[in-house]
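Student: I've got a chain open on my screen and I'd like to learn how to read it. Can we go through it together, one question at a time?

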Amino acid sequence: MNPAVDHARRQSFQETLLSARRTMLLSEILRLAVDSFAANKLRFALTALGMVIGTASVILVVTIGLTGREFILNEIQKIGTNQVEVEYSGGGAIGAEKVQYNDFLTNEDEKAVLAAVPSIVASSPVLESHDRISFGGGVVKDTLILGVSPQYKDVRNLIVLGGRFFDEQDESAHVKCADVTVPFAREMFGSEDAAIGKEFSIQGIPFTIVGIFKESVDTFGQTEIADQTILIPFSVARYVTGTDNVKQIYFSIRSMAEVPDASREILRVIQSRHKPSSVYKAFDLRELLSTADRISMALIAVLVTVAAVTLAVGGVGIMNIMLANVRSRIREIGIRKALGATYREIKLQFLAEAIIISLAGGLVGCFVGLAVPFSIRLFSDYSLPISTWSVVIALAAATLVGVVFGTVPATRAAQMDPVESLKYE
């Protein structure tokens with residue numbers, strides 16, 4: 001027989017035998033760990049309790065964070081994620097012209113954009129003016145008046161609380177009608193219902209209130225709509241103000257994916273119709289959504305880090321219990337070493353016990369953490385977001401805690417002198 005082949009076979013046999021021995025040793029280590037837990041059930045349960053709380057906290061914190069993130073993004077999307085706002089930012093005049101000339105947007109710009117950009121589904125100009133409105137009893141207030149098109153309601157996602165929003169027929173017939181905010185209706189007529197159908201004057205011209213509206217999301221004054229705001233048809237606003245100067249134009253794009261290209265094309269069309277030195281800017285909510293998403297994810301990461309402290313506290317508890325366990329089993333360690341147990345086997349035994357405690361607590365904690373959002377889903381109309389990654393992270397962290405905090409007791413047990421251990425009382 002070839003000596004090289006014979007040597008290779010013997011080496012393969014020895015490796016197989018060593019692998020089988022290691023496997024058998026590992027199974028024996030696990031069996032001893034389970035026997036130890038069976039003999040001290042209460043200690044095992046109390047030690048694992050810290051990990052139960054820690055892992056449940058991680059999952060619940062992630063669930064709460066994702067719920068808050070979802071709420072914030074939904075609120076922003078209610079304003080209109082497909083919305084593009086274009087406004088005049090200055091320029092277009094030189095020298096003495098600066099005193100009397102501004103290259104404002106016009107209604108014709110809106111028409112040109114609609115003809116050139118097919119992805120636009122709705123649009124509205126905004127012609128802004130102010131007038132001192134009498135609220136009765138000698139009370140006169142400076143009130144914001146916006147001339148808009150009927151599509152303004154859809155573009156800005158306004159909610160009509162009572163009555164109706166003026167339509168295309170009102171626009172084309174130059175009907176002197178108005179939609180007003182809730183504060184305006186309450187202050188002038190006492191309630192929203194009482195205001196519908198009533199008349200008031202703008203620059204001496206009577207207007208009839210046909211509807212009460214509000215924004216779908218509270219923007220805290222960060223929009224063109226104030227508390228005391230009156231919306232009238234754009235065609236009527238041009239007559240009242242005597243100007244075509246438009247403050248801004250809103251466009252609603254077919255989908256959010258088309259917003260970047262549509263914004264560029266809108267600016268190109270508008271710029272081509274005005275002086276090269278005039279500056280126009282387009283705004284949309286994509287950047288706001290992205291920023292809100294980054295901030296919410298950062299907050300979730302911070303909350304998870306705080307929750308991880310609970311896992312660390314649970315790990316300290318495991319280490320202390322395991323150190324006490326090692327002390328109470330010194331004679332057992334001495335006997336095992338006297339019978340031939342190696343440093344590696346003793347260390348693995350106690351390390352396995354720490355990992356099993358930590359992992360068992362982690363599994364129960366995951367069950368508890370997932371039970372809360374699933375129960376809310378089952379017994380209410382709310383659907384809380386559940387992250388699979390939170391479970392993975394919680395279990396991985398629980399295992400890591402068992403390894404890290406179980407190493408010190410396991411090393412101390414493995415380093416004990418067998419003679420001294422056998423003499424220990």
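The crossing of α4 and α10 is right-handed.

Student: Okay, so at what angle do the axes of α4 and α10 cross?
Tutor: Keep in mind that this is a predicted model. Helix α4 covers residues 107-116 and helix α10 covers residues 259-272. Their axes come within 9 Å, and they cross at roughly 130°.

Student: What does that make α4 relative to α10?
Tutor: An angle over 145 degrees would count as roughly antiparallel, and 65 to 115 as roughly perpendicular. The crossing is at roughly 130°, so α4 is oblique to α10.

Student: Which residues of α10 make that contact?
Tutor: From α4 come Ala112, Val113 and Ala116. The residues of the contact divide into six nonpolar, no polar and one charged. On the α10 side, the contact is made by Glu265, Ile266, Val269 and Ile270.

Student: Let's zoom out. How many helices and strands does the chain have?
Tutor: The chain has 425 residues, and buried ones make up 41% of them. Among contacts between residues at least 6 apart in sequence, 78% join residues at least 24 apart. As for secondary structure, the chain comes to 15 helices and ten strands.

Student: Are α11 and α14 roughly parallel or roughly antiparallel?
Tutor: Helix α11 spans residues 286-328 and helix α14 spans residues 388-414, with their axes 9 Å apart. They pack at an angle of about 25°. Angles under 35 degrees count as roughly parallel, so α11 and α14 are roughly parallel.

Student: And how many nonpolar residues are in the contact of α11 with α14?
Tutor: The crossing of this pair is right-handed. Residues of α11 in the contact include Leu311, Gly315 and Met322, and those of α14 include Phe405, Pro409 and Arg412. By class, there is one polar and one charged residue, and the nonpolar ones number 13.

Student: Which element gives the most residues to the largest nonpolar core?
Tutor: That core has 32 residues, and Ile333, Ile346 and Phe350 touch the most other members. The elements giving two or more residues to this core are α2, α11, α12, α13 and α14. With eight residues, the one giving the most is α14.

Student: How many residues are in the second, separate core?
Tutor: In soluble globular proteins, nonpolar side chains tend to be buried together. The second core includes Val180, Met188, Ile202 and Val240. Its size is 21 residues.

Student: Back to Phe350. Which residues of α12 meet Phe350 and its partners in α13?
Tutor: The axes of α12 and α13 come within 10 Å and cross at roughly 140°, which makes α12 oblique to α13. By class, their contact has three nonpolar, one polar and three charged residues. On the α13 side are Ile346, Gln349 and Phe350, and the residues they meet in α12 are Glu332, Ile333, Arg336 and Lys337.

Student: Is Ala292 buried or exposed?
Tutor: Ala292 lies in helix α11. Leaving aside neighbours within four places in sequence, Ala292 is in contact with Ile72, Leu73 and Ile76. Its relative accessible area is 12%, and the cut-off for buried is under 20%, so Ala292 is buried.

Student: Where is Asn157, the non-glycine with a positive phi?
Tutor: Most residues other than glycine have a negative phi. Asn157 has a positive phi of about 55°. Asn157 is also partly exposed, at 28% relative accessibility. Its place is in the loop between α5 and β4.

Student: And what is the phi of His174?
Tutor: His174 lies in the loop between α6 and β5. At 44% relative accessibility, His174 counts as partly exposed. His174 is not a glycine, yet its phi is positive, at about 55°.

Note on methods:
Residues numbered from 1 in each chain as written. Predicted model: local features only at pLDDT ≥ 70, side-chain atom pairs only at ≥ 80, totals over all residues. Heavy atoms only, no water. Axes fitted to C-alpha atoms, helices over the stretch in contact; angles between N-to-C directions. Helix = DSSP H or I, 4+ residues; strand = E, 2+ residues; numbered from the N terminus. Left-handed = near helix turned anticlockwise from the far one by under 90°. Contact = heavy atoms within 4.5 Å. Nonpolar A, V, L, I, M, F, W, Y, C, P; charged D, E, K, R; others polar. Core = buried A, V, L, I, M, F, W, Y, C linked by side-chain atoms within 4.5 Å. Buried < 20%, exposed > 50% of the residue type's maximum accessible area, 1.4 Å probe, protein only.
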